[in-house]
Amino acid sequence: MPAPQCASCHAARAALRRPRSGQALCGACFCAAFEAEVLHTVLAGRLLPPGAVVAVGASGGKDSTVLAHVLRELAPRLGVSLRLVAVDEGIGGYRDAALAAVRRQAARWDLPLTVVAYADLFGGWTMDAVARSTAGSGRSRACCTFCGVLRRRALEEGARLVGATHIVTGHNADDMAETVLMNFLRGDAGRLARGGGLGSRGEGGALPRCRPLQLASQKEVVLYAHFRRLDYFSEECVYAPEAFRGHARHLLKLLEAARPSAALDLVHSAERLALAPAARPPPPGACSRCGALASRALCQACALLDGLQRGRPRLAIGKGRGGRDEEGSSGPPPPPPSDPGSAPGPAAGGCGATCKERCE
Amino acid sequence: MVRVATLTPTPLLRMSPTQTAGAVTLARPCWGQFLETPRVSGKKEGAACGQSPEDRAKTVAEMKLILQTLGFPWHFVALEEVFGLSPSVLRCSAQEPVGAVGTYKVAVDSFLQQQHTLGTERAGGSPSPAQGEEWLSPPGTQESQDPAGPPPAAQTEALSRLFGSVKTLTAKEEFLHTLRTHLILHVARTHGYSKVMTGDSCTRLAIKLMTSLALGRGAFLAWDTGFSDERHGDVVVVRPMRDHTLKEVAFYNRLFAVPSVFTPAIDTKAPEKASVHRLMEGFLLRLQAQFPSTVSTVYRTSEKLVKAPRDGCAAGPRCLLCMCTLDVDAADSATAFGAQTSGFSQTQPPTPRAGAGAPTEAGGAQDRCRGAGPCGREDSRAQVIEQLCYGCRANMKDVPSLDLLPPYILAEAQLRSQRASQEIQEYLVENGAEEMQTAESRAWGHQESGARIA
């Protein structure tokens with residue numbers, strides 16, 4: 001049976017069906033539609049005003065590659081200039097190959113590239129060192145928690161280095177959906193309250209961040225990269241199998257099979273969650289050590305690094321975390337006593353095994 | 001003193017042990033102070049599950065035995081009776097008389113009578129136990145204490161056809177849940193109950209929470225899984241068992257020899273990937289085995305939810321089916337855009353739309369008629385869909401023909417849109433009316449026409 005006609009230009013043969021609508025399109029029309037949708041997202045949300053200097057978080061993976069490519073196409077229309085910022089977490093056997101891909105892209109697209117490394121920013125702590133330090137507890141290592149927090153700090157630092165006014169990352173709809181599921185399963189009400197919406201406005205000196213690909217499904221990102229013949233790095237991080245997000249990802253895959261619009265439905269749900277005021281995070285102030293945006297005395301990055309330095313890596317993970325010195329906690333109240341002994345949540349790092357102190 | 005209806009034991013298999021346990025607890029003296037004449041209603045959903053009449057009769061007999069040992073007054077209601085409901089079920093609390101819909105049965109009139117004579121819970125009145133005994137033979141024709149006769153075959157067939165036409169198991173389960181809620185509401189109102197208790201346990205609620213999240217009902221989680229659910233106005237649904245896990249309930253039933261009935265549910269023996277509910281249940285229980293705090297963590301998160309609508313949204317129109325405030329405002333809704341863009345490519349050339357649009361009801365009939373196909377049916381379908389919340393819309397996508405829906409839903413939809421169209425007359429006649437339509441209505445229009453092209 002011959003392929004149907006492209007539904008948009010009616011000229012070429014259709015090369016694909018869009019995952020969400022089932023519409024048959026040819027390659028060129030699909031790419032045009034994808035770019036138009038990203039443009040709409042940016043314009044409708046007023047994410048990148050004209051004249052902005054945009055730091056693109058480039059990891060070498062498909063999402064950031066597609067993001068950089070699309071933004072490069074749209075940059076003249078939006079009136080923004082782009083800088084690539086890549087973060088080197090120091091994960092041997094993975095990050096070096098990814099960085100090579102980023103360098104190739106920067107050369108091909110003629111975009112300035114800046115690489116910031118954990119080792120330089122965080123006093124010699126690479127992810128491999130963090131992983132070694134958090135290992136041996138029997139539970140998952142929670143090094144992904146570290147990586148996520150530290151990477152955001154690193155990205156912010158890198159953006160400041162290049163004089164950017166906005167940060168964009170390549171999170172797609174599936175990522176957002178997984179985040180919602182994950183936060184619910186871990187009971188992370190603070191993150192749930194903060195989530196939703198197209199990105200943070202950037203309070204108190206932090207650069208505004210947004211995710212132009214937020215509404216594009218992962219499959220479409222891959223299709224776009226295929227049709228534009230983009231060169232990206234597709235290996236999984238070495239530590240990824242241990243991350244809790246893997247469970248959420250698996251669940252999302254199952255849900256999409258049962259209901260194709262599951263990712264969007266989850267994003268919709270997340271936007272409209274109504275959390276009690278007590279559960280919402282306190283208004284952000286400044287970290288007492290580094291001056292970055294923080295909800296507590298110490299920002300999460302400083303708190304995590306603190307824990308690492310002291311040899312108590314799980315100090316800042318789990319409930320009541322962040323900025324806990326010996327004086328006591330300034331974090332949210334401990335879980336109610338009717339819930340005895342249950343760990344705060346999987347991979348949020350229940351301290352049961354090795355750590356003697358109960359950091360709740 | 002409050003008159004309470006307890007739901008036990010429904011044929012939905014996993015519910016029955018919990019609810020029987022709940023009912024037994026009620027029977028114990030310590031509860032006697034708070035409750036007067038609690039009544040118990042069992043529901044027969046055999047037709048939706050494809051059971052044969054003999055199986056249904058057998059199940060009913062078993063349930064009768066159990067209910068008699070409880071010592072509470074009880075009713076039996078068949079799901080087929082949704083075809084005889086009146087649209088007043090879908091209203092928050094019937095204030096204006098429904099005399100206009102004269103074709104509806106005697107039960108509606110008796111319901112109105114009771115409304116006037118009883119007063120609602122707010123009025124603080126409730127008949128004494130002596131008078132309560134009279135209600136055992138209620139005037140309405142809807143309920144039958146002794147289910148000697150099965151419901152009319154036409155209704156059974158209509159029900160089977162309705163459920164047969166729904167494409168996915170997820171939508172079937174959601175729809176069943178909705179119809180069941182409406183029917184229970186009706187029974188409660190007819191008999192003047194102010195509260196309905198259901199036997200949802202902690203585990204069930206955690207699963208329900210995650211499922212609702214995945215189905216786009218994030219705005220209503222507090223109502224769906226909280227302790228009390230007051231969206232129906234006069235009848236409040238409470239969930240007293242929500243602190244107990246399924247395991248605890250099982251132990252209780254075992255230790256106190258609480259009898260329960262197993263009946264196949266609509267998703268019994270379905271493969272795990274068949275519906276979102278099954279998936280979520282399997283996932284959570286597996287995760288629970290690995291991380292024992294999963295269910296309690298999810299449950300605790302549900303306790304942090306409040307029933308406020310999103311800040312800024314006043315009490316707006318309510319969803320036709322689930323009676324929650326609609327959560328599909330067009331302005332700055334990321335997902336409204338997402339739905340729109342699934343049909344976006346068809347519009348040439350794609351101009352950036354600001355996204356701000358007229359209120360949801362402003363979606364006019366003109367957009368629908370643009371595509372091919374019979375105009376009238378598109379119209380009424382669009383009418384119904386406009387009045388649904390995001391989650392219910394997603395379910396309706398799997399229901400190909402709205403004609404099979406019970407008449408009360410369609411009638412109420414008609415009524416509401418007539419009322420709404422008067423408000424939006426000014427929008428409909430303007431030249432730029434199309435531009436002011438919401439992303440949602442465009443998306444639905446395009447999705448339907450898109451399905452035809454592709």
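## A tour from sheet to core

Start with strand β3 of chain A, residues 53–57: five bridges join β3(A) to β4(A), and the two run parallel. Helices (H or I, at least four residues) and strands (E, at least two) are DSSP runs, numbered from the N terminus. This is a predicted model, in which local features need pLDDT of at least 70 and side-chain atom pairs count only at pLDDT 80 or more, while totals for chains, interfaces and linings use all residues. Residues are numbered from 1 along each chain as its sequence is written, and side-chain values use heavy atoms, with hydrogens and water left out.

**Stop 1: the sheet.** Select A55(A). Opposite stands R83(A), in β4(A). Now show the whole sheet. In what order do the five strands lie? The order is β5-β4-β3-β6-β7 in chain A; the sheet is open and the pairing parallel. Two strands pair if DSSP finds at least two bridges between them. At the edges are β5 and β7 (209–210) of chain A, each pairing on one side only.

**Stop 2: helices on the sheet.** Next select α6 of chain A, residues 143–161. This helix lies across β3, β4, β5, β6 (166–168) and β7 of chain A, at about 140° to β4(A). Axes are lines fitted to C-alpha atoms, for helices over the stretch in contact (heavy atoms within 4.5 Å). Angles run from 0 to 180 degrees between N-to-C directions.

**Stop 3: inside α3(A).** Step past the helix to D110(A): its phi is positive, near 60°.

**Stop 4: chain B.** Select V82(B), L179(B) and M396(B). These have the most contacts inside the largest nonpolar core, which has 52 residues. Such a core is a set of buried Ala, Val, Leu, Ile, Met, Phe, Trp, Tyr and Cys residues joined through side-chain atoms within 4.5 Å. Its largest share, nine residues, comes from α8(B).

Terms used: Chains are lettered from A and ligands numbered from 1 in the order in which they are written. Buried means under 20% relative accessible area, exposed over 50%, partly exposed in between (1.4 Å probe, protein chains only).
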